[in-house]
Amino acid sequence: LESHRNRTKQCFKQLEVADLHTFECFEVNSRGGCEAGNRMVVDENSECKASKCIENKDKNGEPCPEEQLAYNGVCELFSSKSACKNTGLGKNTGLGKRLQADLFGKVSCRCALDLGFVDVD
């Protein structure tokens with residue numbers, strides 16, 4: 001049990017999550033140790049922030065390829081600019097936004113930090 005705990009901590013230090021069956025480290029939102037059409041994320045409801053697999057399929061139930069995210073029923077590339085065009089009210093609302101998934105697997109268009117944009121509430 002202690003070795004499993006240490007391995008999980010080691011994964012977190014690498015900004016990855018541990019597969020709870022094999023204790024291998026995987027990048028968050030990758031297929032990881034999940035079946036095709038799923039992504040490995042952090043379980044938001046887990047007190048210990050364990051990993052879990054969530055579905056990553058288009059509206060027809062087809063699995064999205066590894067480098068893509070299901071968004072509005074379509075498989076889109078991570079950091080897609082085109083998926084975020086006019087995502088809000090008004091003209092040019094998608095400017096500076098890219099498709100991203102958070103640690104818990106929630107997919108949305110957010111301001112691209114690597115381009116110098118920040119979300120302001």
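Predicted model: local features only at pLDDT ≥ 70, side-chain atom pairs only at ≥ 80, totals over all residues.
The protein chain contains 1 helix and 8 strands. Along the sequence, these elements follow the order α-β-β-β-β-β-β-β-β. The chain has 121 residues, and buried residues make up 36% of them. Its accessible surface is about 8,000 Å². Carbon and sulfur atoms account for 50% of that surface. Among contacts with a separation of 6 or more, 21% join residues 24 or more positions apart.

Helix 1 covers residues 2–13, a run of 12 residues. From first C-alpha to last, helix 1 reaches 17 Å. That span is close to the 16 Å expected at 1.5 Å a residue. In general, an α-helix has 3.6 residues a turn, so residues three or four places apart point the same way.

Leu15 follows helix 1. Leu15 sits in the loop that leads from helix 1 to strand 1 (16–18). Its phi is positive, about 60°, although Leu15 is not a glycine. The relative accessibility of Leu15 is 73%. Leu15 counts as exposed because this value is over the 50% cut-off.

A positive phi also occurs at Asn29, at about 75°. Asn29, too, is not a glycine. Asn29 is placed in the loop between strand 2 (25–27) and strand 3 (38–42). The relative accessible area of Asn29 is 5%. Asn29 is therefore buried, as 5% is under the 20% cut-off.

Technical notes:
Residues numbered from 1 in each chain as written. Heavy atoms only, no water. Helix = DSSP H or I, 4+ residues; strand = E, 2+ residues; numbered from the N terminus. Buried < 20%, exposed > 50% of the residue type's maximum accessible area, 1.4 Å probe, protein only. Contact = heavy atoms within 4.5 Å. Areas by Shrake-Rupley, 256 points an atom, 1.4 Å probe, with all protein chains shown as cover. Expected span 1.5 Å × (residues − 1).
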